[in-house]
Amino acid sequence: MRLLVTGGVGFIGSAFIRRCASAGDFEISIIDKLSYAADKRRLEEYLPGVEFYKADLAERADIEEIIKRARPDVIVHFAAETHVDRSILYPDQFFKANITGTANLLAAALQSSVKKFVHVSTDEVYGDLPADKSVKFTEASPFRPNSPYSASKAGADLIVRAYQKTYGLPALILRPSNNYGPWQFPEKLIPLTIAKALMGEKIPVYGKGRNVRTWLFVEDCAEAILLAMERGGAGEVYNIGSDEEKVNIDVVKGILDLLGKGHGLIEFVPDRLAHDFRYALDSSKIRNELGWRTKNDFATGLEKTVRWYADNRDWLFAKKAEIEGFLKDLKARFAEKA
Ligand SMILES: NC(=O)c1ccc[n+]([C@@H]2O[C@H](COP(=O)([O-])OP(=O)(O)OC[C@H]3O[C@@H](n4cnc5c(N)ncnc54)[C@H](O)[C@@H]3O)[C@@H](O)[C@H]2O)c1
């Protein structure tokens, strides 16, 4: 099967390709614009067997040309700008990459004979929830995105739906919750906390750290995407989440405990604008229909993750150094608005 993966050298895309490489007979191509978040080292041992196209999905003609050449049976679309804080500072970049980019890819896919189009959306399209644990988002929950990132992903998600309904493109949509694991760029909570803890630096925690996230180990997410690609029907939507709701401050303390560092490193900082309070997904559909189960509970996944970063601290520290200026800028801009 010819498989085209967009955003294939990003965090989740690369985990998905590693999973596919061990699953069987795929001829894999990647489209990735190699943004700051990309890193080919995530796939070092696999890239020799992969057709790599450096291209920006916002460039329609380039994408059409690549799809004609690669003739994929299946497209799995991960490529996106993904960091909520960056979307607050530079919203237009998110609308261009995530909305225009997705629309271009869909148009090119429609012209080709693609048999399945798997769109990786996000749980953030639903907006946020109150603390009441009995309330969760189902696939039928309305969209109420609160950040430019989630709004751009909601736009993309709806355009995929429209291509399926209007033109019969065999598309399905996946909405995963917060992923974590090896190789994640250290602007996201878990790897940033590990990096700062290992370096003995203060760890910024928004507000009082009371926000709740449902954490999903990246290998479990890759497994769900593979299952949905193989067995999910056109027009279907699947939430992908564990049931492991964690308060951010407890996640940070858990990492410090694993590294043997004191909680005194925690520093509360002014809250992110429109910071979503709680995300929680009802993922019974993918469990019941496709038989998906997580293999890593949060304690196991976090331990593996912390160990991986501690063993790969050169990569982690180099990535953190690349974004030092951005992190300072962000702190100043949010402090101004607080
Ligand atoms: N990380 C999470 O917790 C999470 C949770 C739910 C959903 N998602 C979704 O999963 C997907 C992958 O997330 P991730 O964390 O791996 O992201 P990432 O930021 O690590 O990687 C994104 C990749 O897409 C590429 N890219 C970005 N814009 C592009 C463009 N215009 N053209 C071509 N390539 C482009 C980047 O170069 C990068 O390699 C995204 O669509 C994201 O919205 C992520």
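Author: On the side of domain 1 that touches domain 2, helix α3 (residues 84-89) brings the largest share, 5 residues. Sorted by type, that side of domain 1 has 12 nonpolar, 4 polar and 11 charged residues. In that sorting, Ala, Val, Leu, Ile, Met, Phe, Trp, Tyr, Cys and Pro are nonpolar, Asp, Glu, Lys and Arg are charged, and the others, Gly among them, are polar. Helices (H or I, at least four residues) and strands (E, at least two) are DSSP runs, numbered from the N terminus.

Keep in mind that this is a predicted model: local features need pLDDT of at least 70, side-chain atom pairs count only at pLDDT 80 or more, and totals for chains, interfaces and linings use all residues. Numbering runs from 1 along each chain as its sequence is written, and side-chain values use heavy atoms, with hydrogens and water left out.

So where are the two domains? Domain 1 takes in 2-180 + 217-240, while domain 2 is made of 189-213 + 244-279 + 297-337; such bounds come from an automatic or database domain assignment. Their C-alpha centres are 25 Å apart. At the interface, 27 residues of domain 1 are in contact (heavy atoms within 4.5 Å) with 27 residues of domain 2. Together the two domains bury about 2200 Å², and 56% of that is on carbon and sulfur atoms. Asp 85, Leu 89 and Tyr 180 supply 27% of the area that domain 1 buries against domain 2, more than any other three residues. Buried area is the accessible area (1.4 Å probe) that two parts lose on being put together, summed over both.

There are also 2 salt bridges between domain 1 and domain 2, each being a side-chain nitrogen of Lys or Arg within 4 Å of a carboxyl oxygen of Asp or Glu. Asp 39 and Lys 319 pair up in a salt bridge, with 3.1 Å from N to O. By that rule the overall count is 20 salt bridges.

Another of these pairs is Arg 60 with Glu 64, at 3.0 Å from N to O. Arg 60 and Glu 64 are about one helical turn apart, because they are 4 residues apart in helix α2. Leaving aside neighbours within four places in sequence, Glu 64 is in contact with Ala 108 and Gln 111.

Now for the ligand: 28 residues surround it, and the closest are Ile 12, Asp 32, Thr 82, Tyr 149 and Lys 153. To be counted, a residue needs a heavy atom within 4 Å of the molecule. For Leu 57, a backbone N or O atom is 3.0 Å from a nitrogen atom of the ligand.

Arg 71, in the loop between α2 (60-70) and β4 (74-77), has a positive phi of about 45 degrees although it is not a glycine. Trp 183, in the loop between β7 (179-180) and α6 (189-199), likewise has a positive phi, near 75 degrees.

Note on methods: A polar contact is a pair of N or O atoms within 3.5 Å; within protein, one must be able to donate a hydrogen and the other to accept it, and residues adjacent in sequence count only if both atoms are side-chain atoms.
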